[in-house]
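Visitor: I am new to this structure. Please walk me through how to read it.

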Amino acid sequence: VTLASSYRFRGIDQTFNQPAIQGGFDVTLPYGFYVGNWNSSVSSQMYTNGSGLESDLYAGFKKDIYKGLTIDVGSYNYFYPRATTTANTGSNFDTYEGYLGLGYGPVAVKYSRTLGNGYFGTANARGTEYYQADVNYPLPFAGFEKVSFLAHAGRTEVSNSSNLNYTDYNVGLGYDLAGWNIAAKYYTNSSEGSGFQTANTINGQKLYKNAGVLSVTKSFD
C-alpha cells in the first residue's frame, strides 16, 4: 500500500499534482509464474467520465536463468473503469501490453509493446513501444545500509504518431524504515515530439512538467 504526493506514469502526472492512494497484491505460483493486481487513484479530469481509478492486471513468468541473471516475461493490462476519451465515440483508455525484461543485481531493463489498438486514449497505436532501464542500488556507505539510489530512464515511441514520442527520467533515494519504504524522486522529460506538450496539457495543467514526488509504502507478506 502506497501514499504518494502525486502519481507519475512514464513521466506524466496522472493526478493533476494531487496525492494518490495506491495498492495491490502479487501471488507467486509454482515454477516462476505469478499474477497480480495494482490500483491507483487518478484524475477524472484526465480520465473523463470515469471512476477516478486505474486498475491493472498482470501475469508473467520470472526465473533466474544464469548466475543471478533473471528473465521476466508477461502481459500487463491497464483499465480505467467507465472512463472514455470522448462522450460521443465511447473510446476508452484501456491498454494492453506484453513485456520482456532482464535483471542482474541492481540493474533491470525492460521492453513493452502494445498489443491492442489503443495506447492510453491514442487510437491506431498498436505496436507502440516502451523501453526502460532501472537502477536500485544500495549505498555502501557506513550508516547508510538502508538507503538506496534509484534511477530510471524510459523511451516512448507511439506507433503511427511519432510526434508524441518522448523520453522520461527520474532519479532519487529510497529508505527502508522498519518495513516502511520512503522514496523521494525527481521527474523530468526530454526529446519530446512536436505534439507531446499539447497532448499532455489538459485544462491548462502541464502534466509533463518537472516535479518531485514523495511516497511512503508498506508491504505485507
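Visitor: How many bridges join strand E7 to strand E8?

Guide: Start with the terms. Strands (E, at least two residues) are DSSP runs, numbered from the N terminus. Two strands pair if DSSP finds at least two bridges between them. Here, 10 bridges join E7 (residues 69–79) to E8 (residues 95–104), and the two run antiparallel. Asp 72 stands opposite Gly 101 in E8.

Visitor: What should I know about the model itself?

Guide: This is a predicted model, where local features need pLDDT of at least 70 and side-chain atom pairs count only at pLDDT 80 or more, while totals for chains, interfaces and linings use all residues. Residues are numbered from 1 along each chain as its sequence is written, and side-chain values use heavy atoms, with hydrogens and water left out.

Visitor: How many bridges join E8 to strand E9?

Guide: Eight bridges join E8 to E9 (residues 107–114), again antiparallel. Tyr 99 stands opposite Ser 112 in E9. E8 and E9 form a hairpin with two residues between them. In that turn, Gly 105 has a positive phi of about 60 degrees.

Visitor: What do the strands build together?

Guide: A closed barrel of 12 strands, paired antiparallel. Its order is E1-E4-E5-E6-E7-E8-E9-E10-E11-E12-E13-E16. The twist averages 20 degrees from one strand to the next. That angle compares N-to-C directions, on a range from 0 to 180 degrees, of axes fitted to C-alpha atoms. The bridge partner of Gly 36 in E6 is Tyr 58.

Visitor: How many salt bridges does a search of the whole structure find?

Guide: Side chains of opposite charge can pair when their charged atoms come close. A salt bridge is a side-chain nitrogen of Lys or Arg within 4 Å of a carboxyl oxygen of Asp or Glu. The search finds three. In one, Glu 97 meets Arg 10, with the closest N and O atoms 2.9 Å apart. Glu 97 is in E8, and Arg 10 is in the loop between strand E2 (8–9) and strand E3 (12–13), 87 residues apart.

Visitor: Are Glu 97 and Arg 10 buried or exposed?

Guide: Buried means under 20% relative accessible area, exposed over 50%, and partly exposed in between (1.4 Å probe, protein chains only). Glu 97 and Arg 10 are both buried.

Visitor: And the other salt bridges?

Guide: Arg 113 and Glu 129 meet at 3.1 Å, N to O. Arg 113 lies in E9 and Glu 129 in strand E10 (residues 129–138), so the pair ties together parts 16 residues apart in sequence. Arg 113 is partly exposed at 37%, whereas Glu 129 is buried at 17%. Glu 157 pairs with Arg 155 at 3.8 Å between the closest N and O atoms. Glu 157 is partly exposed at 32%, and Arg 155 is partly exposed at 23%.

Visitor: What does the side chain of Asn 189 reach?

Guide: Look for polar contacts: N or O atoms within 3.5 Å; within protein, one must be able to donate a hydrogen and the other to accept it, and residues adjacent in sequence count only if both atoms are side-chain atoms. Asn 189 sits in strand E13 (residues 180–190). Its side chain reaches the backbone oxygen of Gly 11 at 3.2 Å and that of Tyr 208 at 2.9 Å. Asn 189 is buried, with a relative accessible area of 9%.

Methods: Helix = DSSP H or I, 4+ residues; strand = E, 2+ residues; numbered from the N terminus.
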